[in-house]
Amino acid sequence: MTTNLSCFQHRYLNHIARTPLVPIQLYDDQPAIWCKLEFLNPSGSTKDRIARYILEKAWRQGKLTPSSTVIEASSGSTSIAFALACAQFGVRFIAVMPEGVSNERVLIIRAYGGEVRFTPKSEGVRGSIAETERLAKDGNIFLPRQFANPDNAEAHRLNTAREVIDQIPGGTVDAVVSGVGTGGTLVGMYQGLVESGCEVVPALARPVNILSTPEVECYSFSSRIPGVVDSLSQIFREADLPNLLTIDVPDEEALHTTQLLMKKGFPVGPSSGLNYAASLALAKKLQLQNPQIVTVFPDRMERYFTTELFQKMLSS
Ligand code: PMP
């Protein structure tokens, strides 16, 4: 018996996306929020969509060949998604990330046959991006460049947004809410929903750290929600998002909401709690009757076992 490997690969990659959209109501006196369960993608995050879309497009255009090496800078879900997708495509993958990233991430990438190179922690993701550009000078290298590549948002415009329109009752959405890493999710979903005829409000969910003393209350961006950044990426900066609302969510509230979602049986990471809490705050602000607010649960809880969210549980 012969095995048709390319057919298997094709079918498996096809399972990336078409995730459920479910209404979730955590509190009796609050509306249900429509949540796209992106943690159900094969590598456990919404980044499978961009990895598949970017690689397939590059393959069709001849920019990616069986002898290529794909190199991406990411300390999180994107590297894991590319490691899985490259394993399926049968091409070499190198993830470049700042030192100090949790072991889980490094192990998952290596398990898929990917390689990991570290850049100094002090240089952050910027140092990793610069290293990918240096490595690209030699050989047959393909750089997905998730922070600047318009195909990132396009994957969400053509796939995530269209799925939402098919799935939501009446095919209309009032608002779309997301934290921003690369901005691909929020920008792409917003564009796709507008193209489908929705009058949709885009809302940026921003985690803030509140330092309160009797004299002063001070807000600053909080990095306790991994994957969501304060220096907004090129895709987000260059996008046209009229009437964009920014919803600040105290980081404690985002983490608490994540735990509530877990207790309801949703295996989500912290940015899902952020997105859900921001969606509730937005519902209050918009004051619509039965608003159709859509958000995403970007990734799975297992990636955060070594973070404060779970470390507290060990001692409780
Ligand atoms: N949540 C998590 C866990 C992420 O890793 C990311 C992306 N880095 C986001 C949210 C934000 O998604 P996007 O990059 O599409 O803005």
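In the predicted model, the axes of helix H2, which spans residues 47-60, and helix H6, which spans residues 150-167, come within 9 Å of one another and cross at roughly 110°. Because angles of 65 to 115 degrees count as roughly perpendicular, H2 is described as roughly perpendicular to H6. On the H2 side, the residues that take part in this meeting are Arg49, Ile50, Tyr53, Ile54 and Lys57, and their counterparts in H6 are Asp151, Asn152, Glu154, Ala155, His156, Asn159 and Thr160. When the residues of the contact of H2 with H6 are divided by class, four are nonpolar, four are polar and four are charged.

The contact is formed by Glu253, Ala254, Leu255, Thr257, Thr258 and Leu261 of H9, together with Pro270, Ser272, Gly273, Leu274, Tyr276 and Ala277 of H10. The class division for the contact of H9 with H10 is seven nonpolar, four polar and one charged residues.

Turning to the strands, an open sheet is formed by four of them in the order S5-S4-S3-S6, with parallel pairing. Strand S5 (115-119) and strand S6 (141-142) stand at the edges of this sheet, and since each has a single partner strand, one side of each is left without a neighbour in the sheet. Within the sheet, strand S3 (residues 69-73) and strand S4 (residues 92-98) run parallel and are joined by five bridges; Ala73, for instance, has Val96 in S4 as its bridge partner.

The ligand is surrounded by 16 residues, the closest of which are Gly181, Thr182, Thr185, Gly227 and Ser271. By class, the shell around the ligand comprises four nonpolar residues, eleven polar residues and one charged residue.

For the protein as a whole, eleven helices and eleven strands are assigned. The radius of gyration is 19 Å, close to the 20 Å that the globule rule gives for 316 residues, and the protein is therefore as compact as a globular protein of that length. Taken along the principal axes, the box filled by the C-alpha atoms of the protein is roughly 60 × 45 × 40 Å.

Note on methods: Residues are numbered from 1 along each chain as its sequence is written. This is a predicted model: local features need pLDDT of at least 70, side-chain atom pairs count only at pLDDT 80 or more; totals for chains, interfaces and linings use all residues. A residue is near a molecule or strand if its C-beta atom, placed from the backbone, lies within 6 Å of it. Ala, Val, Leu, Ile, Met, Phe, Trp, Tyr, Cys and Pro count as nonpolar, Asp, Glu, Lys and Arg as charged, and the others, Gly among them, as polar. Two strands pair if DSSP finds at least two bridges between them. Helices (H or I, at least four residues) and strands (E, at least two) are DSSP runs, numbered from the N terminus. Axes are lines fitted to C-alpha atoms, for helices over the stretch in contact, and angles run from 0 to 180 degrees between N-to-C directions. Angles under 35 degrees count as roughly parallel, over 145 as roughly antiparallel, 65 to 115 as roughly perpendicular and the rest as oblique. Two residues are in contact if their C-beta atoms, placed from the backbone, lie within 7 Å. The radius of gyration is taken over C-alpha atoms; the globule rule is 2.2 Å times the number of residues to the power 0.38.
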